[in-house]
Amino acid sequence: MSASYAASAARRRGAARLAATALASGLLAAGALAGAGAAAADTEPQSQGGATATLGGLKTYGAAVLHDAAGDHPMSAGLFEMSVDGGGMLQTYCVDIHNPAQRDAKYHETPWRGTSLGADKNAGKIGWILRNSYPQVNDLAALAAKAGVSNLTEQDAAAGTQVAIWRYSDGAHVDAVDPEAEKLAGYLQKEAGSVAEPAASLSLDPPAVSGHPGQRLGPVTVRTGAGSVAVSPSADAAAGGVRIVDKNGRPVTSARNGTQLFFDVPKSATGADTAPVRPGAAGSAALTVQASTTVPVGRAFSADSRSQTQILAGSSESTVSATATAAWGAQGPIPALSAAKDCARSGLDIRVVNKGDAAFAFALTGTGYSVPARTDRTVTVPLQEDQAYDFTVNGPDGRGHRFTGVLDCKTQGSTIGTRTQTLSEPTPVTAGNLPAGPDLADTGSTGTTPLIAAIGLSLLVLGGTVLSIIHKKRATQE
């Protein structure tokens, strides 16, 4: 899509939200950031496993026009390319028309519930379009015949497909400029059925386990479409005598879909020679599974920073991976913690599984929680849209488990109740003409400096308003 158009949209949207939420959400994030430094914390990636990739630019695209109350806005529409960490290439379409795409932004394969698709009743129709259009259908003559088009180029096919997706993902009033692309968009929109969300290319369930030394901790189940995956313990785990085994106690170096993995922790494991200590545990370890496979069409990809959400249209053979952790202790609470974005609840789900013999108590954003011994609980921390969060769950041993990220769940239409009535006129861009790096004014920042600036500005405006009221009151009394 048009990078300049999206940047303008982000600026306008950001200004509108700042007036209403900067002080409240800023103070919430500031409190979380301050709390993060209270104890030594291990920051964990919140990817659910799968492919991790870096955004390149638009590679196959055409022209489109977005219509709203402010006028007509020309933009580019088509396929992005991403390079996969470890090898492989992905082709994606945008499902977030009003947000900017940041070149070199890091993306992770993400369940729909962690994006705007989670609450979108039309997500299944977007999945149908992806499976029944370009590039999955690369016989352009056959696709043209179905759409009633006389001639269809790759550029027209990509533009028409993107336009049809935008009509469902963003509720946008958008048209393709080329008549052939527009006919394809109309055909896809009309014929779209509904398909289920595809399974992850690779994941581990659950991503964290806990228990007592001298036991097999698990199971951790492998979920993948790959024929086989390589299994390896972390170097620290191997040095501490922790083995990765199957349910019969046999060492495991490879697995497939449905395989159950266990951490075989010796009684002597104290954590002295293993990975950094997790909350409430005497030691910890990790395992990683990796494979080479194609990522299923329709998988969502969300960015670490404020960059538009993507949905997969095509994949080469790509490297995918997932990690699970284990924590153990002799007594007291022994929590295993993991987190995932939950757009349906507008927050971050933090799951705590306590395999210890005492309750595990912790606090988040001023609220206390307690998970009894041998039970599990999921705590949803509510967040503002576009809010950068930084939470640390402190354990009884003083160590912390840290969760950071940005909540990006809504398109503009669902956020402010209107489509594009506050957007300014964009200028067309060419393929790959994306910003060289994140513009924090446009995209929202995960750093503390813009946050502090927002809070300071809000307090300054508030103070100025109070002084103005006092001045007017005195003038009236005189």
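Thr52 counts as buried, because its relative accessibility is 18% (buried means under 20% relative accessible area, exposed over 50%, partly exposed in between, with a 1.4 Å probe and protein chains only). The structure is a predicted model in which local features need pLDDT of at least 70 and side-chain atom pairs count only at pLDDT 80 or more, while totals for chains, interfaces and linings use all residues. Residues are numbered from 1 along each chain as its sequence is written, and side-chain values use heavy atoms, with hydrogens and water left out.

**Surroundings of Thr52**

Thr52 belongs to strand β2 (residues 52-68); helices (H or I, at least four residues) and strands (E, at least two) are DSSP runs, numbered from the N terminus. Apart from neighbours within four places in sequence, Thr52 is in contact with Ser83, Val84, Asp85, Lys106, Tyr107 and His108, where contact means heavy atoms within 4.5 Å. With His108, the side chain of Thr52 makes a polar contact of 3.2 Å. A polar contact is a pair of N or O atoms within 3.5 Å; within protein, one must be able to donate a hydrogen and the other to accept it, and residues adjacent in sequence count only if both atoms are side-chain atoms. Met82 is 30 residues from Thr52 along the chain, and their C-alpha atoms are separated by 9.4 Å.

**An open sheet**

Four strands, in the order β7-β9-β13-β11, form an open sheet with antiparallel pairing. β7 and β11 (243-245) each have a single partner strand and stand at the edges, so one side of each is left without a neighbour in the sheet. From one strand to the next the twist averages 30°; axes are lines fitted to C-alpha atoms, for helices over the stretch in contact, and angles run from 0 to 180 degrees between N-to-C directions. β7 is joined to β9 (residues 216-224) by 4 bridges, and two strands pair if DSSP finds at least two bridges between them. Asp205 has Thr221 in β9 as its bridge partner.

**Backbone features**

Most residues other than glycine have a negative phi, and most peptide bonds are trans.

| Cis peptide bond | Omega | Loop holding the proline |
|---|---|---|
| Tyr134 and Pro135 | about 10° | between α2 (123-131) and α3 (140-147) |
| Asp205 and Pro206 | about -5° | between β7 (202-205) and β8 (208-211) |

Asp104 has a positive phi, near 70°, and lies in the loop between β4 (89-94) and β5 (106-110). Asp104 counts as exposed because its relative accessibility is 53%. Arg374 has a positive phi, near 60°, in the loop between β21 (367-371) and β22 (375-382). At 60% relative accessibility, Arg374 is exposed.
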